[in-house]
Amino acid sequence: MAYIEPAPIKDKENPLESMMHRFDKAVELLGISDEMYHILKVPRKQVTVGIPVTMDSGKIKVFEGYRVIHSTILGPSKGGIRFDPDVNIDEVRALAAWMTWKCAVVDIPYGGAKGGVACNPREMSAGEMERLMRGYTMALLDVFGPDQDIPAPDMGTGQREMAWLMDEYSKAKGMTIPAVVTGKPLVLGGSLGRTEATGRGVMVSALAGMEKLRINPYRATAVVQGFGNVGSHAASLLRERGVSIHAISDISGAYFNDKGIDITAAIAYRDQNNDSLDGFTGAELISGDDLFSIPVDVLVPAAKEDVITRRNVESIQAKMIVEGANGPTSFKADDIINDKGIMVVPDILANAGGVTVSYFEWVQNRIGYKWTLERVNRRTDRIMKDAFDHVYEVSLKYKVSLRIAAYIVAIDKVSSTYKFRGGF
Ligand SMILES: NC(=O)C1=CN([C@@H]2O[C@H](COP(=O)(O)OP(=O)(O)OC[C@H]3O[C@@H](n4cnc5c(N)ncnc54)[C@H](OP(=O)(O)O)[C@@H]3O)[C@@H](O)[C@H]2O)C=CC1
Ligand SMILES: O=C(O)CCC(=O)C(=O)O
């Protein structure tokens, strides 16, 4: 298969371009051969599917879906499924590669994959979502498998969608196979701690970064962009550790309170308000763009890609950025961030708590046993802290940012595995 270079669209960010830029830098520092460079760069498999769905109106609409398997060298491929209007093949390719690097950074035995469907969950009924998820599962029946490719939630999907996927896959195979997907409801073999795991990893990474910068969490302030799964749990867990959250946001706008937002109240409001912060009164409504320039210790982008770009990077006043989202920073902003002396805990490290607990879920499914929440959290915290410390050491050794250090750790691990396995 020919590898198609990401197409830079004028004035538009391309996450695949950002991923490749950092990859190229790390590869150069590691002195990887040209052959290995191409092996690591080209995805193993890329599938596009058309999914016809009967809408509630009775009309049939065909949705375009993707699954990209970037690598399976460390184990079965792993990665979430995104339902969002902006989903496109370059985005899914970038997200799949990030999964490979992420699993390698936290040292769990998975390769990387990602899936997505271009659709707008906010405009779809539960029935339409169910038919779409079941259709997507059937279209990818030969791709998914507990030893092959194991999906999970991402933007626009959660436990409910993972339950439908598990049911559809199991029916097609004639037996119940919980380990084909993670992020399931507890009663279907989900793991305690998975829902909040990504936010928890963000919290652990933020505290580890604060320690290096000598910031006392009890005097620290933060803003969080995105108040879905990752953002709301990150905000809540940071608050529990003493950090005052001065602003939160979703698509309805940003909500600012310099005395600190009551995160429990904000979550309760969102849950009773059709998953939206629209109308939240515990804070002043400001524009989503203004959130980035609030002077705080920690900025947590937890919504989507390319929200920190050359356009707004100069206005950022935070001392640290902890990337809850995948690819929230365009590579074009990297140099300015470094010049400003802002510490960035990169996505492939900071948001790896989710896939870590997905791995625990898969292990529990395979051994037919359930771990306590205390055990899940303790192991997650250990893995996240060890990964942070390792990446930090590598950043000192190579005199590079934590982001490039994380790519170095990941690429070194994946390329060494290829060398040992051989067989090209
Ligand atoms: N879920 C997981 O376990 C993991 C997720 N991630 C990454 O974290 C990010 C968020 O995922 P997740 O929390 O699951 O997704 P959700 O769909 O649960 O939440 C996304 C949140 O971002 C908000 N949002 C979207 N666009 C904007 C915008 N332009 N400005 C402000 N807020 C916005 C949404 O608002 P609204 O609801 O109003 O649309 C929603 O609050 C993604 O990049 C994902 O890939 C990474 C690792 C694991
Ligand atoms: O939990 C998983 O398996 C994958 C989560 C994910 O998609 C991500 O980390 O970006």
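Tutor: Two residues count as in contact when their C-beta atoms, placed from the backbone, lie within 7 Å. This is a predicted model, in which local features need pLDDT of at least 70 and side-chain atom pairs count only at pLDDT 80 or more, while totals for chains, interfaces and linings use all residues. Residues are numbered from 1 along each chain as its sequence is written, with chains lettered from A and ligands numbered from 1 in the order in which they are written.

Student: OK, which domains is the protein chain divided into?

Tutor: Domain 1 covers 43–176 and domain 2 covers 195–350; the bounds come from an automatic or database domain assignment. Their centres, taken over C-alpha atoms, are 27 Å apart.

Student: And how many residues of each are in contact?

Tutor: 9 residues of domain 1 touch 8 residues of domain 2. On the domain 1 side, 6 are nonpolar, 1 is polar and 2 are charged. Here Ala, Val, Leu, Ile, Met, Phe, Trp, Tyr, Cys and Pro are nonpolar, Asp, Glu, Lys and Arg charged, and the others, Gly among them, polar.

Student: Switching to ligand 1, which residues come nearest?

Tutor: Gly226, Gly228, Ile251, Ala325 and Gly354, out of 27 residues around ligand 1 (near means a C-beta atom, placed from the backbone, within 6 Å). Helix 7 (229–240) and strand 7 (244–250) are the elements giving two or more residues to this shell. Helices (H or I, at least four residues) and strands (E, at least two) are DSSP runs, numbered from the N terminus. Helix 7 gives the most, with 3 residues.

Student: Where does ligand 1 lie relative to the domains?

Tutor: Between domain 1 and domain 2, because both give residues to its shell.

Student: Which residues are closest to ligand 2?

Tutor: Gly80, Ala152, Gly354, Val355 and Ser358, with 13 residues surrounding ligand 2. Strand 3 (77–84) and helix 11 each supply at least two residues of that shell. By class, the ligand 2 shell has 2 nonpolar, 8 polar and 3 charged residues.

Student: At what angle does helix 11 pack on helix 6?

Tutor: About 135 degrees, with the axes of helix 6 (194–212) and helix 11 (353–367) 7 Å apart. That makes helix 6 oblique to helix 11. Axes are lines fitted to C-alpha atoms, for helices over the stretch in contact, and angles run from 0 to 180 degrees between N-to-C directions. Under 35 degrees is roughly parallel, over 145 roughly antiparallel, 65 to 115 roughly perpendicular, and the rest oblique.

Student: Left-handed or right-handed?

Tutor: The crossing of helix 6 and helix 11 is right-handed (the near helix is turned clockwise from the far one by less than a right angle; anticlockwise is left-handed). Helix 6 makes the contact with residues including Arg194, Ala197 and Val204, and helix 11 with residues including Gly354, Ser358 and Glu361. That contact holds 4 nonpolar, 6 polar and 3 charged residues.

Student: And how do helix 4 and helix 5 pack?

Tutor: Helix 4 (126–139) packs on helix 5 (159–173) at about 45 degrees, with the axes 9 Å apart. Helix 4 is therefore oblique to helix 5. This crossing is right-handed. Residues including Met129, Met133 and Arg134 of helix 4 meet residues of helix 5, among them Trp164, Leu165 and Glu168. The contact has 7 nonpolar, 1 polar and 4 charged residues.
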